[in-house]
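The following account is meant for a reader meeting this structure for the first time. Please keep the sequence and the model in view while reading.

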Amino acid sequence: MKQDVIVPSMLKKDDEYWYPDGNLIVIAKDTQFEVFKGILAVHSPVFASMFTLPQPPDAESIDGCAVVHLNDDPKDLREIFRLLIPRSNMVYVTHSTQIQK
């Protein structure tokens, strides 16, 4: 199965989950998320176990940050990050949310 190759210049930074002081870049399709390994590891056993795997000396990095490629849709990954790394200045409305007056 042939995978599309995306060069870094084709990647866009996510507007909501791009922390300039982050230490992990997660790439989903054409979108980069810069987040924090520690926060993901505390809240997700999947990420926690992923971070325990030894990395080769020539492991991919961008601006000194480790890089993880996921096959998830960026929209789905953003929803996961909203659960794991909520932002206090954001209001999330879902289909089941009812606003009380």
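Which residue caps the N-terminal end of helix 3? The residue is Asp73, from which a side-chain oxygen lies 2.8 Å from the backbone nitrogen of Lys75. The model examined here is a predicted one. Its chain has a mean pLDDT of 85, and 78% of the residues reach 70 or more. Over residues 1-5, however, pLDDT stays under 50, and the model shows zero contacts beyond four places in sequence for them.

Helix 3 comprises residues 74-84, and among these Pro74, Leu77, Arg78, Phe81 and Leu84 are buried. These residues lie on the same side of helix 3, because they cover an arc of only 125° around the axis. An α-helix has 3.6 residues a turn, so residues three or four places apart point the same way. On the other side of helix 3, Lys75 and Leu83 are exposed. The partners of the buried residues of helix 3 include two helices, helix 1 (37-43) and helix 2 (45-52). The buried residues also pack against strand 1 (12-18), strand 2 (24-28), strand 3 (31-35) and strand 5 (65-70).

Strand 1 contains Glu16. With a relative accessible area of 8%, Glu16 counts as buried, because buried means under 20%. The side chain of Glu16 makes a polar contact with the side chain of Arg82, at 2.6 Å.

Strand 5 gives the most, with three residues. The space in this pocket is about 180 Å³. Its lining includes Leu24, Lys37, Met50, Phe51, Ala66, Val67 and Val68. Leu53, Gln55, Ala59 and Glu60 also line the second largest pocket.

Most residues other than glycine have a negative phi. Lys29, although not a glycine, has a positive phi of about 55°. Lys29 is placed in the loop between strand 2 and strand 3, and it is partly exposed, with a relative accessible area of 47%. Asp63 likewise is not a glycine, yet has a positive phi of about 50°. Asp63 belongs to the loop between strand 4 (61-62) and strand 5. At 76% relative accessibility, Asp63 counts as exposed.

Methods
Residues numbered from 1 in each chain as written. Predicted model: local features only at pLDDT ≥ 70, side-chain atom pairs only at ≥ 80, totals over all residues. Heavy atoms only, no water. Buried < 20%, exposed > 50% of the residue type's maximum accessible area, 1.4 Å probe, protein only. Helix = DSSP H or I, 4+ residues; strand = E, 2+ residues; numbered from the N terminus. Arc of directions from axis to C-beta. Contact = heavy atoms within 4.5 Å. Polar contact = N/O pair within 3.5 Å; in protein donor to acceptor, adjacent residues only side chain to side chain. pLDDT = per-residue confidence, 0-100. 1 Å grid on protein atoms, 1.4 Å probe; cavity = no way out; pocket = protein on both sides within 12 Å on 5 of 7 lines; lining within 4 Å. Points joined across faces, edges and corners; volume = space filled by probe spheres on them.
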